[in-house]
Amino acid sequence: MGTPLGMIPITVLALMQTNLPRGRLLRFCLLTAVAGFVALGASAVWQDVRIPIVSMQHFLVFAVAVIGLSGIVRTSDEAVHLLAWLSLGTVAYYVIIGSARTAEGIEALWKFGIAFPVTALTLYLLVRRNVPGYVVTFALVGFGIYGMYLNSRAYALICFAVALFDFLRRSRKGLTRLRLWLGITGLLALGTVTPQLMLSGVFGEEVRLKTLSQTTGDGFALLDGRTEPPLAIAAIMEKPFAGWGNEQAITWHVIYSGVRLAEYMGMYNPDDYLRYWVRPGGRISIHSIFFESWIQGGIIAALFPIALLVTLVVGFVRMRGKYSIVVTLVCAQASWDLIFSPWVANKSIYLAVLVLAVTLPLSREQLDEMEMTSAHRSARLSLLSQPPGLRSGAYGKVQDGPNT
């Protein structure tokens, strides 16, 4: 509902643009989105299967949103402001309208709807109010603990990891020896203490049982318990270049190959995961934007999520500025979603705004400096392209030629 309505003004803005957005990473994401859109349609038509409308819609929405919004969003801070409004709209949608899944209760609403929008919006408001940095970091840790109690383990671990990373990056003196040791201690706690707390039942019985099933060999201990990767890898190995056109075209032969691969990866009981691979009505579920794109449109379509992952990793590591913790958190969550979540809701618009936040200059001052540097470079190139007798001096005066 919200995505088509929101795309109306964005499409108008895109039609008014005369230049493509600047930045190599931004243009690379834009180019791969357009190429992937074409690849998805071409693969489906060539193999005579149903066109993957949902994926094509999100590829197109991303491209149009980047072009349209780049005309009004000129800096990273402005993109973060837009990201905050987008988070507020997302929370309002799920609370007021929602879906069948989020209507199951508070736990479902938090896990499948508002967890990250609420967290990003809260961090944005704290930073905007100039709250001390350590308070913002502890707030993020608090969100992680709350999410763990609501059985949102991936969300909680991302919150803990981003809080630790932001703590190490925040020091004005750089990475001091004390902060280095605290970072190592935090990583050890994140990797050893947290799983033990989950197994002890501190965060509830449901979290304990799910963690126990993944550590005793009865479940898939990798990839946060997602069971679909073996099926996706088997499908890609069967048709790596052109793809299947649609994941629903995957045959039972490929599913059996996926079962063998799953056994090799430690998943010994097919009854535990086949119901997630083949849903009611025979619908195949991949549950991954990256794998789904590759299966549907081949290697060309897979370049788009790969470009997004590269951009988000760069943003996670190199992001600076006032709202760096907000962008870092959303980059981490978006990277996770690209691997472990399908296209849903307004995720393509979120990614478009996030890519703008990562690739645009931090402030108006930096933007003016970049534009001035670009103008000087253009002036020098124009000067060098003139005949020697007509070249301008440093202040635009015409120098005397040899015959003057």
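This is a predicted model: local features need pLDDT of at least 70, side-chain atom pairs count only at pLDDT 80 or more; totals for chains, interfaces and linings use all residues.
Asn 269 is partly exposed, with a relative accessible area of 35%. Buried means under 20% relative accessible area, exposed means over 50%, and partly exposed lies in between (1.4 Å probe, protein chains only). Asn 269 sits in the loop between H11 and H12.

Residues are numbered from 1 along each chain as its sequence is written, and side-chain values use heavy atoms, with hydrogens and water left out.

**The whole protein**

The protein has 16 helices and 2 strands. Helices (H or I, at least four residues) and strands (E, at least two) are DSSP runs, numbered from the N terminus. Of the 404 residues, 45% are buried. Contact means heavy atoms within 4.5 Å. Among contacts with a separation of 6 or more, 70% join residues 24 or more positions apart.

**Two helix pairs**

Take helix H5 (residues 106-128) and helix H14 (residues 324-340). Their axes come within 9 Å and cross at roughly 165°. That makes H5 roughly antiparallel to H14. Axes are lines fitted to C-alpha atoms, for helices over the stretch in contact, and angles run from 0 to 180 degrees between N-to-C directions. Angles under 35 degrees count as roughly parallel, over 145 as roughly antiparallel, 65 to 115 as roughly perpendicular and the rest as oblique.

The crossing of H5 and H14 is right-handed. A crossing is left-handed if the near helix is turned anticlockwise from the far one by less than a right angle, and right-handed if clockwise. On the H5 side, the contact is made by Phe 116, Thr 119, Ala 120, Leu 123, Tyr 124 and Val 127. H14 brings Ile 325, Val 326, Leu 329, Val 330 and Gln 333. By class, this contact of H5 with H14 has 9 nonpolar, 2 polar and no charged residues. Ala, Val, Leu, Ile, Met, Phe, Trp, Tyr, Cys and Pro count as nonpolar, Asp, Glu, Lys and Arg as charged, and the others, Gly among them, as polar.

Now the second pair. The axes of helix H4 (residues 76-96) and H15 come within 8 Å and cross at roughly 160°. That makes H4 roughly antiparallel to H15. H4 passes H15 in a left-handed crossing. H4 residues in the contact include Ala 79, Leu 83 and Leu 86. From H15 they include Ile 349, Tyr 350 and Val 353. This contact of H4 with H15 has 10 nonpolar, 3 polar and no charged residues.

**A covered helix**

Helix H10 (residues 229-238) is mostly covered: 7 of its 10 residues are buried. They are Pro 229, Pro 230, Leu 231, Ala 232, Ala 234, Ala 235 and Ile 236. What covers them includes helix H11 (252-264), helix H12 (274-277), strand S2 (283-284) and helix H13 (289-318).

**Salt bridges**

Side chains of opposite charge can pair when their charged atoms come close. The structure holds 2 salt bridges. A salt bridge is a side-chain nitrogen of Lys or Arg within 4 Å of a carboxyl oxygen of Asp or Glu.

| Salt bridge | Closest N and O atoms |
|---|---|
| Asp 166 with Arg 169 | 3.7 Å apart |
| Lys 347 with Asp 337 | 3.9 Å apart |

Lys 347 lies in helix H15 (residues 347-359) and Asp 337 in helix H14, so the pair ties together parts that are 10 residues apart in sequence. Both Lys 347 and Asp 337 are buried. Asp 166 and Arg 169 both lie in helix H7 (residues 153-169). They are 3 residues apart, about one turn of the helix. Both Asp 166 and Arg 169 are buried.

**Positive phi in two loops**

Asn 130 has a positive phi of about 60° although it is not a glycine. Its place is in the loop between H5 and helix H6 (133-149). At 59% relative accessibility, Asn 130 counts as exposed.

Ala 345 is not a glycine either, and has a positive phi of about 50°. Ala 345 lies in the loop between H14 and H15. It is partly exposed, with a relative accessible area of 40%.
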